[in-house]
Amino acid sequence: MKAFSNLLSDLILTSSRNRKLSLLEQYFSSTPDPDRGYALAALTGSLNFKNIKSSFFKDLIKEKQDEHLFDLSYDYVGDLAETISLLWDQEKGGNMPRLSSLFENLEKAKTDEIKNHIINILNISTADQRWAFIKLFTGGLRIGVSSRLVKQALANYGNVDLEEIEKIWHGLHFPYTNLFSWLENKGSKPKISIYDIFHPMMLAHPLVMEKDLAAANPKEFVAEYKWDGIRVQIVSHSGGCRLYSRTGDEVSKSFPEIIKTIQGNFVLDGELLAGINNDPKTFNDLQQRLNKKAPSEKFIEKNPCFIKVYDVLFFNGDDLRDKTLIERKKVLSSYFSTNRSPMFLSETIEFKDWRFLDKIRDISNKQIHEGVMIKSVSSPYIAGRPRGKWFKWKRNPKNVDAIIMYAQRGHGKRSSFYSDYTFGVFNKEKELVPIGKAYSGFTDEELNRLDKFVRSKTINRFGPVREVEKTLVVEIAFDEMSLSHRHKSGIALRFPRFKRIRWDKPTNEVETLEQIRKSFLE
């Protein structure tokens, strides 16, 4: 545990990517199994202990410290693990167990023994060790290290390509002893069935035309619509079909009518959309299905879905990820030469120059797409976000002025700032109703000023949320507006973010809810 705590402390204190990689490599090389497996799971967000959550530690510290003192400290610090690690009594001495022993002892302990085990660990640990220990259970390390960076460190350590690790990652199992054995040339590369795992997806970069493609030849790229659904991976073989979200979560049970229809031997990449017979509806329509883990037949009939397919990773046992996009498209075209409902091949857009494509991407009939995707015809299917291969060119955002109503602290580096804001507009009864929340789009300098505004203009508190004077207008950019029965205002904004802070604009110049609905929904 000491070594893992020291690793986290060192990672926090450096902003250098190369230094972080070096620290991780050194830890993996000097730490035995299964400790490094536990650390790897923690660093990549896959370490879970079901019986201990944030509320457990809150109750624990309130038994040790005055509850009001804890509330004040937590409000100021903004991070639960850091607050508890500082408020807890200084260490009383003792031997900190190994990381693996710590978890193994907790897993063996009876329910009524867990509390004493935790208290003992907190008593003998330093403040840094307590912080690291609590984070193992509450999550959110926020140390400037992504899962991909950890995998890169593993690749460096084993002198293998990152892509090799990405391709097998979701088939590996804790505590990763076979992975480390392979990286240290003590064993063979873990064999993973392509049909038993989720395969990391290829992602696109937001397009900046002047920087990315202004001088590029349009003939070297293909364009498709950026469909407004959820990205899915379709894994089908003789044992059945499964659907995965872009984060690797299986969502098959939410769409039983789709998985029971699909047959074949392949792994496809596509977009799940609301609608029927290749006729897409809006994302708001799709949300009706996303909230259902086990939909009834009647509900499915009223809310049908289908899939637009735009890439293939494996087909009839062949790995096509190293083939060019054009070669993969030929495989898809051949497969979809006959009806494959509820899957349909995503159409390509014929274009001769970027100006024509610019006009196409900003037109959306009933808001069923978000813009266009531009892909290099020679691009292989590479996990992650490789540069210069795929680009997303979204429609120009819409804008609306709104009034700040509430604020809440952020997380990580923003845990000391009020950086999450709820904003609203007046309805016809002159009541201010919230229309969305945003926590991005402003600079660090603007965040400092916003934070000071919240602290000086607070008129009420609701737990961690502050209500502020309704005097500050902000210009909000968003991708689309849709009707919503779940919100008091009756509308929902897609991807709202700050565009400009209107320090000088009076609130009586902000358009009403009715005016906004008329502008964007009628």
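1. A cavity, on a 1 Å grid over the protein atoms alone, is a set of points where a 1.4 Å probe fits but cannot get out, and its lining residues have an atom within 4 Å of a point. Grid points are joined across faces, edges and corners, and a volume is the space filled by probe spheres set on the points. The structure is a predicted model, in which local features need pLDDT of at least 70 and side-chain atom pairs count only at pLDDT 80 or more, whereas totals for chains, interfaces and linings use all residues. Residues are numbered from 1 along each chain as its sequence is written, and side-chain values use heavy atoms, with hydrogens and water left out.

2. A search of the whole structure returns one cavity of 30 Å³ or more, and the largest cavity has a volume of about 40 Å³. Its lining consists of Glu370, Lys394, Arg395, Asp479 and Glu480. By class, the lining has no nonpolar residues, no polar ones and five charged ones, where Asp, Glu, Lys and Arg count as charged, Ala, Val, Leu, Ile, Met, Phe, Trp, Tyr, Cys and Pro as nonpolar, and the others, Gly among them, as polar.

3. Helices (H or I, at least four residues) and strands (E, at least two) are DSSP runs, numbered from the N terminus. At the N-terminal end, H18 is capped by Asp353, of which a side-chain oxygen lies 3.2 Å from the backbone nitrogen of Arg355.

4. Helix H1 (residues 2-12) has Phe4, Ser5, Leu7, Leu8 and Leu11 buried. Seen down the axis of H1, its buried residues fall within an arc of 155°, so they line one face of the helix. Their cover includes helix H2 (17-30), helix H3 (35-43), helix H7 (99-108) and helix H9 (127-138).

5. Asp228 sits in the loop between strand S2 (221-227) and strand S3 (230-237), and is buried, with a relative accessible area of 1%. The side chains of Asp228 and Arg494 are joined by a polar contact of 2.2 Å; such a contact is a pair of N or O atoms within 3.5 Å, and within protein one must be able to donate a hydrogen and the other to accept it, while residues adjacent in sequence count only if both atoms are side-chain atoms.

6. On backbone geometry, the peptide bond from Phe174 to Pro175 is cis, with omega near 10°, and Pro175 is placed in the loop between helix H11 (162-168) and helix H12 (177-183). Tyr176, which lies in the loop between H11 and H12, has a positive phi of about 65° although it is not a glycine, and is buried at a relative accessible area of 6%. Asn277 has a positive phi of about 55°, although it is not a glycine, and counts as exposed at 61% relative accessibility.

How values were computed:
1 Å grid on protein atoms, 1.4 Å probe; cavity = no way out; pocket = protein on both sides within 12 Å on 5 of 7 lines; lining within 4 Å. Buried < 20%, exposed > 50% of the residue type's maximum accessible area, 1.4 Å probe, protein only. Arc of directions from axis to C-beta. Contact = heavy atoms within 4.5 Å.
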